[in-house]
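Please read the points below beside the coordinates.

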Amino acid sequence: MPDPIPAAGLSRRRFLALTGAAAGSTLVRVAAAGGVAAAGVGLIAGRDAQGLPAFVQPLRPLEVLTDSDITLVAAQTHVQLLPGAPTRMWTFNGSFPGPLIRRPSGQSTRVTVLNRLPEDAGTLSIHHHGGHSRSSEDGLPGFDPIPVGAQRTYTYELVEDGAPERGALQWYHDHTHLRTSKNTWMGLAGLFLLEDGEDAALGLPTGERDIPLLLAERSFDAGNQLTEPYFLYDEHLAPGAGAGHAPDDDVIGNRVVVNGVLEPYLDVRPAVYRFRVLNASHFRPYELRLTTGQEMTLVGTESGLLPEPVMLDRVLVGPAERVELLVDLTGLAGQRLRLVSRNQGPGAGLLPATAAPNLDLLELRVAAAAPVVVAPTPAALRPLPTWAAEVSSTPDRMWVFGLGVDPQGRTAWTVNGRAFDHERVDARPELDAVETWAFVNASPGGKSHYVHIHDVDWLVVQRNGGSPEAVEGGLKETFRLDPGEVLLVASKFTDHLGPYMIHCHMMEHEDHGMMATWEVVPPGSGDALPPGASLLDVLVRDVPDARVRAQTLGVLAAAVGGRPAPRRLLEQLEFDVLGGAAAGGGAAAHIHQ
Ligand code: C2O
Ligand code: CU
């Protein structure tokens with residue numbers, strides 16, 4: 001039943017990045033060191049490159065922590081990920097993923113993290129991804145890190161805008177400055193399930209039919225040990241050093257583990273199941289489908305339940321995104337099917353040609369038993385918050401994701417033309433304001449990014465001038481931004497003052513500059529432009545470099561211009577800039593002043 005998996009190889013450059021071999025090594029040497037056949041690197045398949053039979057290990061139940069006081073001990077341990085030798089990792093409480101934290105919304109929760117890692121691991125900073133945490137508790141890179149041998153307690157109120165925070169599948173992971181990718185690759189990540197009463201009230205599957213899945217891509221050597229793709233881009237790397245730097249810093253694994261198990265199987269009943277999937281991989285988006293080709297019902301994304309369910313037969317889930325899928329197995333008694341990723345539809349263009357497009361993730365073995373009859377999925381799930389009605393399609397801010405240079409002169413990923421600097425604050429929205437932010441992908445070379453915003457939940461307002469995609473109907477905090485795309489999202493900055501982050505969640509991009517700090521400030525002290533300010537004013541305030549501004553205008557013009565009427569995106573831009581440009585380049589000249 002599963003699709004045949006074509007063999008594929010990796011380019012030499014990718015090979016080097018995956019195995020951590022220094023630039024200049026020969027392919028032969030790398031292959032020998034990695035113990036991987038040169039003919040085709042470790043593809044996920046019925047039987048993989050190391051000859052491991054697939055789907056022989058059960059999906060492992062995660063350790064679940066439910067107390068208001070939780071302790072996470074970060075230490076070096078060995079974890080059984082693959083059949084055979086265990087893998088040395090940096091874990092929370094000895095497992096990968098770390099324990100599943102399950103907490104009722106609205107109830108204060110304290111998570112104490114002890115850093116018991118080896119001395120050379122350095123400090124930690126733990127971020128509750130998706131949580132509406134106070135800035136001091138947000139695990140920001142460079143703020144109050146936890147040295148080896150020390151500990152700190154993070155307090156999460158789990159309250160938003162005066163009410164319990166919306167229930168959602170969230171997660172936690174290390175967010176150390178310049179070390180987020182390495183520390184997470186080594187294993188410092190886990191799920192955080194925030195529960196409110198909504199799900200039960202709607203009759204969605206619960207208990208053993210509610211399955212959280214953390215997908216994590218890693219590369220392993222012949223001894224089942226993680227490869228070390230990170231030494232190549234140490235922070236002390238000389239300017240201009242080659243492999244591993246932006247824009248050639250994508251880390252794609254040769255295996256995907258699901259809740260820490262390679263190619264697991266799960267015994268299920270002929271019933272409706274809810275799979276809550278987090279893509280915790282560094283770079284690859286998964287285009288999830290079932291080998292039966294049947295439709296699934298999308299009921300939730302990053303910030304919880306959608307207003308209405310969406311039927312689909314495949315769904316793209318990028319790094320840090322979540323999807324909650326109802327899968328109807330009632331007609332499949334006695335059968336086996338798989339949850340797979342095919343990267344052939346909308347996701348196809350996002351992967352380097354050298355990455356294996358076909359991955360089999362999880363086998364479902366349906367018992368030969370009488371079907372469990374359940375109520376149909378309700379047509380309405382969770383309404384949007386009231387601020388969603390106040391949202392404007394005129395951007396208050398611009399965030400341009402591109403490529404540039406850092407202050408040391410190295411090629412770096414940039415936001416608004418600048419690489420990350422934790423001393424700099426790029427935007428100051430006011431507490432309780434509702435703002436619309438525009439993301440623009442101006443990266444050369446056809447690179448997609450996945451933009452993540454801390455602190456609050458966001459509504460997608462427009463994608464390239466048109467309506468958001470059906471899967472973007474709920475609140476989110478991580479967004480696909482394909483090459484040349486322009487996305488408008490809106491939110492309300494409730495409860496907390498202080499600095500937060502916006503960054504690409506392709507973790508290498510984040511570590512290599514594609515991150516910025518914004519700060520919620522008291523009403524009256526922000527940097528909002530006066531009413532009636534033009535989009536050009538916004539661009540001039542947010543993007544200091546005239547060359548990057550010009551580049552941005554080019555992307556905006558193409559994103560708007562290629563669409564049929566009505567052109568809802570940035571009507572103001574057409575008026576202010578495109579009109580001017582068409583009439584003789586006046587506006588473009590203006591921004592060059
Ligand atoms: Cu999961 Cu700032 O990130
Ligand atoms: Cu990116």
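The numbered points follow, after a short note on conventions.

This is a predicted model, in which local features need pLDDT of at least 70, side-chain atom pairs count only at pLDDT 80 or more, and totals for chains, interfaces and linings use all residues. Residues are numbered from 1 along each chain as its sequence is written, chains are lettered from A and ligands numbered from 1 in the order in which they are written, and side-chain values use heavy atoms, with hydrogens and water left out.

1. Copper site. The copper ion (ligand 2) has His449 (ND1), Cys504 (SG) and His509 (ND1) as its protein donors, at 2.0 to 2.1 Å. Donors are N, O and S atoms within 2.8 Å of the metal (3.2 Å for Na, K and Ca); water is not among the atoms, so sites may look incomplete. Along the chain the donor spacing is H-x54-C-x4-H. Cys504 is buried, because its relative accessibility is 0%, and His509 is buried at 0% as well. Buried means under 20% relative accessible area, exposed over 50% and partly exposed in between (1.4 Å probe, protein chains only).

2. Second largest pocket. This pocket holds about 430 Å³ of space. Its lining has 23 residues, of which Arg102, Gly207, Asp210, Ile211 and Pro212 are the closest to the centre. By class, the lining comprises 11 nonpolar, three polar and nine charged residues. A pocket is an open set of points on a 1 Å grid over the protein atoms alone, where a 1.4 Å probe fits, with protein on both sides within 12 Å along at least five of seven lines; lining residues have an atom within 4 Å of a point.

3. Aromatic pairs. The whole structure contains 13 aromatic pairs. Tyr154 and Tyr156 are stacked, at 6.5 Å centre to centre with 10 degrees between the planes. Trp437 and Trp458 are tilted, at 4.7 Å and 50 degrees. Ring centres of Phe, Tyr and Trp (its six-membered ring) must lie within 6.5 Å; planes under 30 degrees apart count as stacked, over 60 as edge-to-face and the rest as tilted.

4. Aromatic cluster. Trp437 and Trp458 belong to one cluster with Trp399, Phe493, Tyr500 and Trp518. Trp437 is buried at 0% relative accessibility, and so is Trp458, also at 0%.

5. Charges over rings. Arg152 lies over the face of Tyr154, 4.2 Å from the ring centre. Arg365 has its charged end over the ring of Tyr265, 3.8 Å from the centre. The criterion is NZ of Lys or CZ of Arg within 6 Å of the ring centre and within 35 degrees of the ring normal.

Conventions: Points joined across faces, edges and corners; volume = space filled by probe spheres on them. Nonpolar A, V, L, I, M, F, W, Y, C, P; charged D, E, K, R; others polar.
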